[in-house]
Amino acid sequence: MHAKDILIDGFGRVREEVHAAVEGLGPDGLNARPGPAANSVAWLVWHLTRVQDDHVADAFGLDQVWLAEGWAGRLGLGLPRHDTGYGHTSAKVAKVRVDAGELLTGYHDAVHAQTLGALRALAAKDLERVVDEGWDPPVTLGVRLVSVLSDDLQHVGQAAYARGLVRSTDV
């Protein structure tokens, strides 16, 4: 198995878990915050998808799906165009409200498709290419992709947990 196949499998698992976290939740469930400073399922899925979109597009020299395919307008969150959710205050988290899970999964699926396209074209030596010299040591493509995958998995796990809390109060 090649490194790119492992990455493809990992991002595929993120996609499966995104769908599982969102499936069957209406607007109240998607936007519920388990506590006053907690993140909602909607915010978590939007954020992990924005980070993947932003970082993968940057690393491969691609346009962000959020902007190029009009997802910023479709979700209509009223945030700056390049906002990924990094450093959001509780008030900004509250602004991320989504009325339909299909918007979140649709955006995620579009980003996933772009990510897969980029990964399928990789050669092993490409993973050694430096994509960010702002760190010591500089960040390679391989390290950046593992970082995004790790971040995505953490946030989708949080979304699954938040979903469980939301569903437990639906009884």
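**Exercise 1.** State the order of the elements of the chain from the N terminus on.

*Solution.* The elements run α-α-α-α-α-α-α-β-β-α, where helices (H or I, at least four residues) and strands (E, at least two) are DSSP runs numbered from the N terminus. In total there are eight helices and two strands. The model is predicted: local features need pLDDT of at least 70 and side-chain atom pairs pLDDT 80 or more, while totals for chains, interfaces and linings use all residues. Residues are numbered from 1 along each chain as its sequence is written, and side-chain values use heavy atoms, without hydrogens and water.

**Exercise 2.** Classify the ring pair of Trp46 and Trp66, and locate both residues.

*Solution.* Rings of Phe, Tyr and Trp (its six-membered ring) pair if their centres lie within 6.5 Å; planes under 30 degrees apart are stacked, over 60 edge-to-face, the rest tilted. The structure holds four aromatic pairs. For Trp46 and Trp66 the centres are 6.2 Å apart and the planes at 65°, so the pair is edge-to-face. Trp46 lies in helix α3 (residues 41-60) and Trp66 in helix α4 (residues 65-68), so the pair ties together parts 20 residues apart in sequence. Both residues are buried (under 20% relative accessible area; exposed is over 50%, partly exposed in between; 1.4 Å probe, protein chains only).

**Exercise 3.** Describe the place and surroundings of Thr84.

*Solution.* Thr84 sits in the loop between α5 (71-75) and α6 (90-95). Its relative accessibility is 13%, so Thr84 counts as buried. Leaving out residues up to four places away in sequence, Thr84 touches Trp46, His47, Arg50, Val51 and Asp54 (contact: heavy atoms within 4.5 Å).
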